[in-house]
Each structure stands twice: as structure tokens, then as C-alpha cells.
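Here is a structure to look at before reading on. Questions and answers come after it.

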Amino acid sequence: MNRLLVSVLVLFVFHAGTANAQFPGKLKDKAKDALKDLGGDKSKDDQAPGDDQSRKRPPARKDPARKYPPGLSFSSVLNGIKLLPKDGQFRLDNIQATFLPDDCKEGFTVLRTAEGQELYQFDWKPDRLKKPYALMNVHVKTDLRSGEKLSGGLDLATPGDYVLDFYLPSEHFFTVPFSVAKVGGDDPFGEGKCYVLSGDWQDWGYLYYVDAKPDQNLHWKVWLRNEGCDEKDIKVRIEIKRDQDGELVCTSREHTTNSCQPKWIRLEFGMVFPEGKEVPHGTYFKAKDLLEIDGAYTLTMKIDDKPYGVWKFAVEGGKLQYAGRTLRGKADPLTFIEGGRDAWWYAREKK
């Protein structure tokens with residue numbers, strides 16, 4: 001046993017039985033100090049860098065009066081959360097914040113397990129773009145378990161559920177849950193194994209036309225990845241029908257091939273008039289051609305002639321309508337989907 005510790009304990013036992021009442025308290029304090037010096041009594045201020053109790057994270061603000069709270073451009077989130085399939089290296093790339101306070105100089109993002117264990121922290125500074133956007137420029141990455149400063153990608157080659165939480169110095173303002181899985185086979189002549197992400201990429205897509213001008217071409221944008229570890233060519237077919245009469249109003253172009261990889265890639269599909277319309281075959285479909293008739297619509301998507309997903313949306317007053325997590329001022333700010341002025345996001349229908 002450490003000689004200093006032995007001496008303290010002997011001194012404490014001796015005086016506990018013989019000294020007058022004023023000494024035991026002092027001796028207990030000295031014993032506590034000695035134990036602290038030896039690492040036996042670690043207060044909150046002395047927690048190790050990887051000790052969760054030593055960190056305080058600001059809470060989310062529950063203020064429904066804020067019409068434009070800080071958030072993230074959702075397309076930049078789905079584009080910017082990256083996992084390298086071969087080795088499970090994780091990084092954040094070019095994520096854009098929205099509506100940051102004018103005096104915001106910095107922020108940070110914490111990656112934790114779904115159970116709450118903090119793994120990594122990304123410290124960032126906002127590079128102001130055209131309002132209300134700002135690029136989150138990560139300048140320090142820290143392993144929160146060891147306190148080590150890191151460079152390059154971070155190791156996330158452990159399958160499981162995770163959460164990314166985004167903070168200003170005084171506010172938790174966004175959260176992104178996702179999961180990591182290892183897929184592939186053991187065939188030595190096959191594609192091998194790799195790591196893949198799952199989450200909002202699977203369910204969300206958006207209708208888009210430039211600067212919200214109805215005379216612009218209508219596009220459907222969605223994220224796709226291959227379920228295996230190789231690269232695969234696929235044929236995607238998209239149709240939009242009006243629910244009221246079942247009329248096919250537009251489709252994606254035929255006979256086009258897209259490439260899918262184990263990582264998520266955003267694909268864009270320009271919509272065209274279907275055959276049988278009084279326009280040349282393959283004529284671009286303008287947003288105004290959709291918006292001219294109010295009502296409910298259904299977008300269906302097939303991959304290699306097999307059903308992939310269904311998305312529902314509505315036109316009212318000649319405008320695409322927001323719903324669910326895209327409703328500004330009504331949706332939870334922590335998961336609000338910010339599409340700016342020219343992207344209308346919709347969630348895939350549950351099977």
C-alpha cells in the first residue's frame with residue numbers, strides 16, 4: 001500500500017481515540033485530501049475528459065413564438081453525414097446551418113450512442129453564406145472517451161444505433177438519429193463486407209423547382225444506396241398521379257440508368273409529360289403544370305420494375321403543401337425539415 005496512505009490512516013485511527021473533539025474533523029479533511037491526491041476521491045471538477053458527468057450540455061429551447069429558430073438545411077444533413085463502407089470511418093461534410101443568431105461565433109456537435117454514451121465532439125465555426133445559411137466549418141474533433149484530438153475520419157465500425165446532437169453555446173437545436181450495420185457475405189470471391197447507414201435517407205425525398213418559380217422544370221430528388229457492398233446499376237421509374245381521377249400527370253424519363261453504391265447518393269429525376277399528351281414525347285413537365293389543379297397526389301417509385309415506395313402530397317391554392325416535420329412553427333424544431341423556399345419534402349408511406 002502507498003506509504004502516504006498508510007501514514008494518513010494510522011494518524012487518523014490514533015487521533016480518533018485520543019484527541020479532543022476539534023481534531024477528528026481536521027484529520028478527516030486531511031485524509032480526504034490525501035486520498036484525492038492518490039486518485040481515490042475524484043470530485044466533479046476532477047473528472048477525466050471521457051467522464052460524461054463532467055460535461056454540461058445546454059437544453060433545447062421550448063419557445064413556440066420563435067418562427068425561425070436555428071436549424072439545419074436537411075438536404076445538407078443527408079448529404080453531409082458520411083460513413084466509408086470499407087472501414088466504417090465517419091465524418092461530417094459541408095453541413096449547413098440555418099437561422100443562426102447574428103452573434104453566433106461557434107457551436108459543437110456531439111456523436112453519442114442511442115443509450116447516451118458520448119463518443120466524439122465536432123467543434124465548428126459558422127462561415128456565413130447567403131442568409132439564412134451558414135456552413136458549419138469543423139476545426140476540432142475530439143474523442144470524448146479519452147480527450148484525444150483527432151484528424152481525418154472517426155472510427156464508427158461498431159453496428160448499432162447512434163444520435164448526432166447539434167448545439168449552440170446556449171442551446172441544443174437539432175438532433176439526427178441513425179444506425180450503422182455491417183452487411184455482405186463471407187464468400188472469398190464475393191463482394192465482402194461493408195458498413196452502411198440507415199435513417200431518414202430511406203424515407204424522405206422532395207419535389208423541387210428552381211427558386212420556387214412555377215415556370216421551372218419539376219424534379220424529384222431522393223437518396224438511394226445499394227443493399228450490398230458493390231456498385232450496381234438500377235433503372236428507376238417515377239409516376240405522379242392525381243388521386244381524384246387517377247390521371248397520370250407526369251413521369252420520369254424512360255430508359256435511363258443510375259448507379260447505386262453502399263453509401264447514400266442523392267439522385268435527381270427531371271419529370272416529363274407522359275405519352276398521350278398533346279406535346280412532343282419527353283417534353284419537360286413544368287411545376288405550373290402540376291399546380292394548376294388542386295387536390296391530393298400520389299408519387300410512386302419503382303426500381304428495376306419492383307415497387308420501392310409511395311409518397312403522398314397535396315396542392316392547395318396552386319401551391320404545394322407542407323406536412324408533418326416540414327410544418328414551420330408546428331413541427332418539433334429538433335427534427336424540423338428545412339427545405340428553404342424551393343424544396344417540398346415528403347415522407348414515404350409506411351408499408
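This is a predicted model: local features need pLDDT of at least 70, side-chain atom pairs count only at pLDDT 80 or more; totals for chains, interfaces and linings use all residues.

Residues are numbered from 1 along each chain as its sequence is written, and side-chain values use heavy atoms, with hydrogens and water left out.

Q: How many salt bridges does a search of the whole structure find?
A: A salt bridge is a side-chain nitrogen of Lys or Arg within 4 Å of a carboxyl oxygen of Asp or Glu. With that cut-off, the search of the whole structure gives a total of 19.

Q: Which residue forms a salt bridge with Asp93?
A: Asp93 is partly exposed, at a relative accessible area of 25% (buried means under 20%, exposed over 50%, partly exposed in between, with a 1.4 Å probe and protein chains only). The closest N and O atoms of the pair are 3.6 Å apart, and the partner is Arg91.

Q: How many residues apart in sequence are the parts that Asp243 and Lys312 tie together?
A: The side chains of Asp243 and Lys312 meet in a salt bridge, N to O 3.9 Å. Asp243 lies in the loop between strand 16 (236–242) and strand 17 (248–252), and Lys312 in strand 21 (residues 306–316), so the parts tied together are apart in sequence by 69 residues. Helices (H or I, at least four residues) and strands (E, at least two) are DSSP runs, numbered from the N terminus.

Q: What is the N to O distance in the salt bridge of Glu247 and Lys277?
A: Glu247 is in the loop between strand 16 and strand 17, and Lys277 in the loop between strand 19 (265–272) and helix 4 (287–291), so the pair ties together parts 30 residues apart in sequence. Glu247 is partly exposed at 29%, and Lys277 is partly exposed at 29%. Their side chains meet at an N to O distance of 2.5 Å.

Q: Which strands are the edge strands of the open sheet?
A: The sheet has 9 strands in the order 22-21-20-16-17-19-14-13-23, with antiparallel pairing. Two strands pair if DSSP finds at least two bridges between them. Each edge strand pairs on one side only, and these are strand 22 (319–320) and strand 23 (343–347).
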